[in-house]
Amino acid sequence: YETATFNNTTCTWDVTGTQPAEPTTECYETATFNNATCTWDLTGTKPAEPDTQCYQTATFNNTTCTWDVSGS
């Protein structure tokens, strides 16, 4: 993501370009910058929703990164 151009006036290399911003991730994802492709690689999968009874509801909790089951 950077380009170096030699500046004959100052006899130095001028480096331009910025790394792409890190993407927003969910609690179960990890973003790692890939220098070979100049992109962010996202890894991780959301935990599978648990089996519930007809009177229960499963809601994913982004704070704890787990499923909350409610209902009785």
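Rings of Phe, Tyr and Trp (for Trp, its six-membered ring) form a pair if their centres lie within 6.5 Å; planes under 30 degrees apart count as stacked, over 60 as edge-to-face and the rest as tilted. By this rule the count comes to five aromatic pairs. The model is predicted: local features need pLDDT of at least 70, side-chain atom pairs count only at pLDDT 80 or more, and totals for chains, interfaces and linings use all residues. Residues are numbered from 1 along each chain as its sequence is written, and side-chain values use heavy atoms, with hydrogens and water left out.

**Figure 1**
The secondary structure comprises zero helices and six strands, where helices (H or I, at least four residues) and strands (E, at least two) are DSSP runs numbered from the N terminus. From the N terminus on, the order of elements is β-β-β-β-β-β. The radius of gyration of the chain is 23 Å, well over the 11 Å that the globule rule gives for 72 residues, so the chain is more spread out than a compact globule. This radius is taken over C-alpha atoms, and the globule rule is 2.2 Å times the number of residues to the power 0.38. Along its principal axes, the C-alpha trace spans about 75 × 20 × 15 Å. Of the 72 residues, 10% are buried; buried means under 20% relative accessible area, exposed over 50%, and partly exposed in between (1.4 Å probe, protein chains only). Among contacts with a separation of 6 or more, 9% join residues 24 or more positions apart, a contact being heavy atoms within 4.5 Å.

**Figure 1. Strand 1 and strand 2 form a hairpin.**
The two strands pair in the antiparallel sense over five bridges; strands pair if DSSP finds at least two bridges between them. Four residues lie between strand 1 and strand 2. F6 is partly exposed, with a relative accessible area of 38%, whereas W13 is exposed at 56%.

**Figure 2. The side chains of N7 and D14 are joined by a polar contact.**
N7 belongs to strand 1 (residues 3-7). The contact between the two side chains is 3.0 Å. A polar contact is a pair of N or O atoms within 3.5 Å; within protein, one must be able to donate a hydrogen and the other to accept it, and residues adjacent in sequence count only if both atoms are side-chain atoms. Not counting residues up to four places away in sequence, N7 touches T12 and D14.

**Figure 3. Y28 and F60 form an aromatic pair.**
The centres of the two rings are 5.9 Å apart, with 80 degrees between the planes, and the pair is edge-to-face. Y28 lies in the loop between strand 2 and strand 3 (30-34) and F60 in strand 5 (residues 57-61), so the pair ties together parts that are 32 residues apart in sequence. Are these residues buried or partly exposed? Y28 is partly exposed at 22% relative accessible area, while F60, at 14%, counts as buried. K46 lies over the face of F60, at 4.8 Å from the ring centre; a charge sits over a ring if NZ of Lys or CZ of Arg is within 6 Å of the ring centre and within 35 degrees of the ring normal. Elsewhere, ring pairs link Y1, F33 and W40 into a cluster.

**Figure 4. C11 and C65 have positive phi values.**
Most residues other than glycine have a negative phi. C11 has a phi near 55 degrees and lies in the loop between strand 1 and strand 2. With a relative accessible area of 55%, C11 is exposed. C65, which is not a glycine either, has a positive phi of about 60 degrees and is found in the loop between strand 5 and strand 6 (66-70).

**Figure 5. V15 and T30 have their C-alpha atoms separated by 29 Å.**
These two residues are 15 residues apart along the chain. V15 is placed in strand 2 (residues 12-16) and counts as exposed at 51% relative accessibility. Not counting residues up to four places away in sequence, V15 touches E2, T3 and A4. T30 is found in strand 3 and is partly exposed, at 44%. Leaving aside neighbours within four places in sequence, T30 is in contact with D41, L42 and T43.
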